[in-house]
Amino acid sequence: MRYKRRLFISAVLTVVMIGVMQYQGVLLKTPQTPMGILDLEFAGTVENATRLYNTWLPVLAIALNNVLIDFLFIICYTLLLHTALLLIRKRGDSLWRRFGNWMVRGVIIAGFFDVVENILMLRTLNGHISKEVVASTFMFAAIKFLLIVLAIAYILLTPLVMRKKRVQSNTLLNDLQ
């Protein structure tokens, strides 16, 4: 019961934080930066990061605040995914459960990578743009998103895996009768 309440609260907080970040960061979305702060996460090169920085100079405080707000969002979505995974990871066969246990750790790693990525973006937004910072930001963002996508896929696929297992069990029972 404790997990279900935590799941509900973290889901509500995650949705609220998405709304807050979208509202607060609306000026970061321009024709040159259609994805807002995500464009900085995946800038990839010093040239792109410098172009983003220069584009956002008039609204630099908004960009900095958006990254700072993201630290709260990290807590919310990490708690949401972690709790959802704890609730469902013991379902399925042993391989599926092992993958679930790995994903529980994976979302914690994703949250940690997001924190590191934010620290690196703060450096960039404070004018410390370098090849190492931009490349590291990209790497941490890419791995973070991969882990999050895998966790969400696991959460969404678990009911299908369980349904398939029940159908197979029912078929086996019917064959034995």
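## Largest pocket

The largest pocket is lined by 27 residues, and Ile18, Leu38, Asp70, Phe73 and Phe145 lie nearest its centre. In this predicted model, local features need pLDDT of at least 70 and side-chain atom pairs count only at pLDDT 80 or more, while totals for chains, interfaces and linings use all residues. Residues are numbered from 1 along each chain as its sequence is written, and side-chain values use heavy atoms, with hydrogens and water left out.

A pocket is an open set of points on a 1 Å grid over the protein atoms alone, with protein on both sides within 12 Å along at least five of seven lines; a cavity is a set of points where a 1.4 Å probe fits but cannot get out, and lining residues have an atom within 4 Å of a point. The volume of the largest pocket is about 570 Å³, a volume being the space filled by probe spheres set on the points, which are joined across faces, edges and corners. Two or more lining residues come from each of α1 (2-24), α2 (37-41), α4 (60-88) and α6 (131-176). Of these elements, α4 supplies the largest share, seven residues. Helices are DSSP runs (H or I, at least four residues) numbered from the N terminus. By class, the pocket lining has 17 nonpolar, five polar and five charged residues. Here Ala, Val, Leu, Ile, Met, Phe, Trp, Tyr, Cys and Pro count as nonpolar, Asp, Glu, Lys and Arg as charged, and the others, Gly among them, as polar.

## Cavity

The structure holds one cavity of 30 Å³ or more. Its lining consists of Leu40, Glu41, Ala43, Gly44, Ala49, Thr124, Val134 and Thr137, with α2 and α6 each giving two or more residues. Four of the lining residues are nonpolar, three polar and one charged.

## Nonpolar cores

The largest nonpolar core has 20 residues, and Tyr77, Leu85 and Tyr154 have the most contacts inside it. Such a core is a set of buried Ala, Val, Leu, Ile, Met, Phe, Trp, Tyr and Cys residues joined through side-chain atoms within 4.5 Å. Buried means under 20% relative accessible area, exposed over 50%, and partly exposed in between (1.4 Å probe, protein chains only). At least two residues of this core come from each of α1, α4, α5 (94-125) and α6; α4 gives the most, nine residues.

Leaving aside residues up to four places away in sequence, Leu85 touches Met103, Val104, Val107, Ala151, Tyr154 and Ile155, where contact means heavy atoms within 4.5 Å. Another core, of 17 residues, lies apart from the largest one and includes Ile37, Ala49, Tyr53 and Val59.

## Aromatic pairs

Rings of Phe, Tyr and Trp (its six-membered ring) pair if their centres lie within 6.5 Å; planes under 30 degrees apart count as stacked, over 60 as edge-to-face and the rest as tilted. The count comes to nine aromatic pairs. Phe73 and Tyr77 form a tilted pair, 5.1 Å centre to centre with 55° between the planes. Both residues lie in helix α4, four residues apart, about one turn of the helix, and both are buried.

Trp96 and Tyr154 form a stacked pair, 4.7 Å centre to centre with 20° between the planes. Trp96 lies in helix α5 and Tyr154 in helix α6, so this pair ties together parts that are 58 residues apart in sequence. Trp96 and Tyr154 are both buried. Ring pairs also link Trp96, Phe99, Trp102 and Tyr154 into a cluster.
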